[in-house]
Amino acid sequence: MLHKQFKVVEHLGNICLQSRRKRFCGSFLTRQQSRDEALGLLETAAAGGGASQETIDAAMESITAMATWSLQETQVENLLLAKDFDDCVVYMTGEGVTVAVPAPPEGLSTASVARITDTITSETDYAASQLRIIEVKED
């Protein structure tokens, strides 16, 4: 399992180096490493010989949710790139979704916020009230 995790991180690092999406590479790598660690713990809990069926079921439910979030994050990121955002990173949890996007010094326009909100609410089960947008401004 650990060898597979290093391959994924190495692959993501290569993608970051080769793409125009360099601004958020650290975020992508951190997100993947955090998910890999959590999945490892959940897999260990589910495979434990003394684990109750309730523990196994809860671990499997969490693993399924994380897989769904990962797929949706990628889908939403690609849609936002197609909607003229230079870059973005999306992070989903059971409580909500966070979208970090580059912003000009004056901040995102109302139209940009609306495009992000529409993408999240139309492509996921999250409501607008569960959305947090982080404006990443150049230093």
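**View 1. Val-76 and its contacts away from its sequence neighbours.** Once residues within four places in sequence are set aside, Val-76 touches Val-90, Met-92, Thr-119, Ile-120, Glu-123 and Thr-124 in this predicted model. Val-76 itself belongs to helix α3, which covers residues 53–82. Is Val-76 buried or exposed? Its relative accessibility is 1%, so Val-76 counts as buried, the cut-off being under 20%.

**View 2. Where helix α3 meets helix α4.** Here you can follow α3 as it passes α4 (residues 110–123), with axes that come within 10 Å and cross at roughly 145 degrees. The crossing is right-handed. Which residues of α3 take part in the contact? They are Gln-72, Gln-75, Val-76, Leu-79 and Leu-80, and they meet Arg-115, Ile-116, Thr-119, Ile-120 and Glu-123 of α4. By type, the residues of this contact comprise five nonpolar, three polar and two charged.

**View 3. The largest nonpolar core.** This core holds 17 residues. Leu-80, Val-97, Val-99, Ile-116 and Ile-120 have the most contacts inside it. Helices α3 and α4 each give two or more residues to the core, as do strands β1 (89–92) and β2 (97–103). In soluble globular proteins, nonpolar side chains tend to be buried together.

**View 4. A closer look at Leu-80.** Not counting residues up to four places away in sequence, Leu-80 is in contact with Phe-85, Cys-88, Val-90, Val-99, Arg-115, Ile-116 and Thr-119.

Methods: Residues are numbered from 1 along each chain as its sequence is written. This is a predicted model: local features need pLDDT of at least 70, side-chain atom pairs count only at pLDDT 80 or more; totals for chains, interfaces and linings use all residues. Side-chain values use heavy atoms; hydrogens and water are left out. Helices (H or I, at least four residues) and strands (E, at least two) are DSSP runs, numbered from the N terminus. Buried means under 20% relative accessible area, exposed over 50%, partly exposed in between (1.4 Å probe, protein chains only). Contact means heavy atoms within 4.5 Å. Axes are lines fitted to C-alpha atoms, for helices over the stretch in contact, and angles run from 0 to 180 degrees between N-to-C directions. A crossing is left-handed if the near helix is turned anticlockwise from the far one by less than a right angle, and right-handed if clockwise. Ala, Val, Leu, Ile, Met, Phe, Trp, Tyr, Cys and Pro count as nonpolar, Asp, Glu, Lys and Arg as charged, and the others, Gly among them, as polar. A nonpolar core is a set of buried Ala, Val, Leu, Ile, Met, Phe, Trp, Tyr and Cys residues joined through side-chain atoms within 4.5 Å.
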